[in-house]
Amino acid sequence: MSDPVIEAAQRALDTDWLEAEDIAEAAAREALAPLKDIHRPVPVAQGPNCCDHCGDVWPCETGYHIYTDKELADE
Ligand SMILES: [Zn+2]
């Protein structure tokens, strides 16, 4: 049975980063990556972008929890 936490941690350890803080940050980013693949902005012909998963105006509630302020500002 797969464990997304262990898989994300392993992907983080596969990086060349050596500092524990960097590894922890990478693990958290890896854990959020699948959610970012699901909750992402899509353009709407007339009106603001919406979430591809929720259909809510972008950023959706989940988007606020998984994207950085900079990522949200750049989209
Ligand atoms: Zn969403």
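How many residues does α2 have, and what distance does the helix reach from its first C-alpha to its last? In this predicted model, α2 has 19 residues and reaches 28 Å between those two atoms, close to the 27 Å expected at 1.5 Å a residue, where the expected span is 1.5 Å times one less than the number of residues in the helix.

## Basis of the description

The model is a predicted one, in which local features need pLDDT of at least 70 and side-chain atom pairs count only at pLDDT 80 or more, while totals for chains, interfaces and linings use all residues. Residues are numbered from 1 along each chain as its sequence is written.

## Overall architecture

The secondary structure of the protein chain comes to four helices and two strands, arranged along the sequence in the pattern α-α-β-β-α-α. Helices (H or I, at least four residues) and strands (E, at least two) are DSSP runs, numbered from the N terminus.

The radius of gyration of the protein chain is 15 Å, whereas a compact globule of 75 residues would have a value near 11 Å; the radius is taken over C-alpha atoms, and the globule rule is 2.2 Å times the number of residues to the power 0.38. Along its principal axes, the C-alpha trace spans about 45 × 30 × 15 Å. Of the 75 residues, 9% count as buried, a class that requires 20 or more other C-beta atoms within 10 Å of the residue's own, with 12 or fewer making a residue exposed and values in between making it partly exposed, the C-beta atoms being placed from the backbone. Among the contacts with a separation of 6 or more, 19% are accounted for by residues 24 or more positions apart, a contact being a pair whose C-beta atoms, placed from the backbone, lie within 7 Å.

## Two domains

The protein chain is divided into domain 1 (1-38) and domain 2 (40-75), with bounds that come from an automatic or database domain assignment. The C-alpha centres of the two domains lie 23 Å apart, and the contact takes five residues from domain 1 and five residues from domain 2. On the side of domain 1 that touches domain 2, the residues divide into three nonpolar, no polar and two charged; here Ala, Val, Leu, Ile, Met, Phe, Trp, Tyr, Cys and Pro count as nonpolar, Asp, Glu, Lys and Arg as charged, and the others, Gly among them, as polar.

Helix α2 (residues 20-38) contains A31, which touches P4, V5 and A8 when residues up to four places away in sequence are not counted. A31 and P4 are 27 residues apart in sequence and 7.2 Å apart in space, C-alpha to C-alpha. A31 is partly exposed, because 17 other C-beta atoms lie within 10 Å. At L32, α2 has a kink of about 35°, shortly before the proline P34; the bend at a residue is the angle between axes fitted to the seven residues ending there and the seven starting there.

L13 lies in helix α1 (residues 4-13), and L13 counts as exposed because it has 12 C-beta neighbours inside 10 Å. The C-alpha atoms of L13 and E75, 62 residues apart in sequence, are 29 Å apart in space.

R40 is found in the loop between α2 and β1 (41-42) and is partly exposed, with 18 other C-beta atoms within 10 Å. The C-alpha atoms of R40 and W58 are separated by 8.1 Å, the two residues being 18 residues apart along the chain. The peptide bond from W58 to P59 is cis, with omega near -5°, and P59 has its place in the loop between β2 (50-51) and α3 (61-66).

G63 lies in helix α3 and counts as buried because it has 21 C-beta neighbours inside 10 Å. Leaving aside neighbours within four places in sequence, G63 is in contact with H39, C51, W58 and L72. G63 and A33 are 30 residues apart in sequence and 12 Å apart in space, C-alpha to C-alpha.

Notes
Contact = placed C-beta atoms within 7 Å.
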